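Hi,

Here is the structure I promised to pass on.

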Amino acid sequence: MTKANNLRETEHLQEHLQRVIHLLYQHKMVEGLVPTQTMEHEEFAEALMHRQSLAELRTLLDKLHPADVAHILEAMPLEDRLLIWDLVKAERDGEILLEVSDAVRETLLATMNSGEMLAATEQLDADEIADIAPDLPRYVLDDVFQSLPMEEREKLRAAMSYSEDSVGALMDFEVVTVREDVTLEVVLRYLRRLDELPDHTDQLFVVDREEHVKGILPLNRLLVSDPGAKVGAVMTKKMTVFHPDEKAHEAAQAFERYDLVSAAVVNVEDKLVGRVTVNAVMDFIREESANEALSLAGLQQEEDLFAPVWKSLKNRWTWLAINLVTAFIASRVIGVFEDSIEKLVALAALMPIIAGIGGNSGNQTITMIVRALALGQLNPGNARKLFSKEIGVSAVNGLVWGGVVGLFAFFIYRSFSLSLVMMMAMMLNLLLAAIVGVLIPLTLHRLGRDPAAGSSVMITAVTDSGGFFIFLGLATIFLV
């Protein structure tokens, strides 16, 4: 049922996107025609169509969820994006800025003056302002601080003090607390006086007068228990709590493991300072997955799909330059065996097979290791066993697929010696891919770097150069 609902939501979002594109096309067509008209009634009709297209587009945007508007903005070239952004109601600016990617947010903020940015941030809570604060000019951020009440100002300062990969960065301050010595009837009357409960509230936090956390009161227990019972008799002390300085990915794993909706965040004195909710965790997981995919491809940061050419070049140059160096190395490895290739031209046709399969196998190993590191499944105690397992997998793969490519070489070139060299080279290169595929992410992790950063580029370089050297070296020894 959930998959069906997700599919329908995706289809509706694409329909909205296509509708926006169609209305923008109409707007541009009319805008281009108006100056060419000479008759007054025709000019009036075209101007009317122009206003109707923009009005319909504005109405459509007003009906969409901020996340859907953000998706549309990210899918538009810069000129169209800014036109749509101008049509969004000012009171929705803040919540949409929260939803768009960092790269797109930068393009939107560049068109806003300080007053507009200040107005947008005033619509947000302290923890939400902290999310977009790094993209705001310093003078605007100072104005935001001055505009906030003292309590919100302290919350914002606290939220901004935590690193991006910590629980504190995911934390929000909207919590509902109760005391353990009151009855459930009192709690229910208190909740009815609230305008609404904070999003993703599945439990209330039980605290004493000094805000020390004593337990949690799940809403389902609150609703089905005797109203005359005390909170202390109904609450549960079994709960998951986090500290602000804990790693966010560890909290994400706990949310997945225990199916949490919300959890308390406490300081070193066990005083409640906020909570983490599943929506914040899901956003973190999505962003972490996207960054990991970018890192594996050698991209330094998230990139606006329609960013200027120069900006995209700067994001991609580093690992392309590294890749160029490794390509030169691979070229020189081949150059060392020029005489062998001249004597047996078949080597030139077959050696890309060894390098290609080795690179693919190495990338599979790296993906498994990076995932294990991200999930906290890999530690010094089991690293050796994992290393042995990957060697075993590569040895079997090398034997099987080496046999396949050996048969291929035999049927094409009718040379048993060549087919044997192919099989041996395949096995050795897959073993090399396994060794390096384990060592690269583990070494990066030990050095405190992102284990996915450029791993794909590095493993390809090693398996290319290594594969060429192994294959051509064996061919020189046994065939030439």
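**Notes on the model**

N397 sits in helix α20. Keep in mind throughout that this is a predicted model. With a relative accessibility of 26%, N397 is classed as partly exposed. Leaving aside residues up to four places away in sequence, N397 touches G402 and L430. Its C-alpha is also 9.0 Å from that of S361, although N397 and S361 are 36 residues apart in sequence.

L399 belongs to helix α20 too, which covers residues 380-413. L399 is exposed, at 51% relative accessible area.

On to the charged pairs. The count of salt bridges comes to 15, and these are the ones I looked at:

- D62 pairs with K89, with 3.7 Å between the closest N and O atoms. D62 is in helix α2 (residues 40-63) and K89 is in the loop between α4 (78-87) and α5, so the bridge ties together parts that are 27 residues apart in sequence. D62 is partly exposed at 27% relative accessibility, and K89 is partly exposed at 38%.
- R105 pairs with D135, and here the closest N and O atoms are 2.6 Å apart. Since R105 lies in helix α6 and D135 in the loop between α8 and α9, this pair ties together parts that are 30 residues apart in sequence. R105 is buried, with 3% relative accessible area, while D135 is partly exposed at 29%. D102 joins R105 and D135 in a network of salt bridges.
- D172 meets R275 at 3.2 Å, N to O. D172 is in the loop between α11 (167-170) and β1 (177-178) and R275 is in strand β6 (residues 272-277), so the pair ties together parts 103 residues apart in sequence. Both D172 and R275 are buried.

Last, helix α7 (residues 114-121). Which of its residues are buried? They are M117, A120 and T121. These lie on the same side of α7, because they cover an arc of only 95 degrees around the axis. The buried residues of α7 pack against α5 (93-99), α6 (102-109), α8 (126-132) and α9 (138-147). At the start of α7, a side-chain oxygen of N113 comes within 3.1 Å of the backbone nitrogen of G115.

Cheers

How values were computed
Residues numbered from 1 in each chain as written. Predicted model: local features only at pLDDT ≥ 70, side-chain atom pairs only at ≥ 80, totals over all residues. Heavy atoms only, no water. Buried < 20%, exposed > 50% of the residue type's maximum accessible area, 1.4 Å probe, protein only. Helix = DSSP H or I, 4+ residues; strand = E, 2+ residues; numbered from the N terminus. Arc of directions from axis to C-beta. Contact = heavy atoms within 4.5 Å. Polar contact = N/O pair within 3.5 Å; in protein donor to acceptor, adjacent residues only side chain to side chain. Salt bridge = Lys/Arg side-chain N within 4 Å of Asp/Glu carboxyl O.
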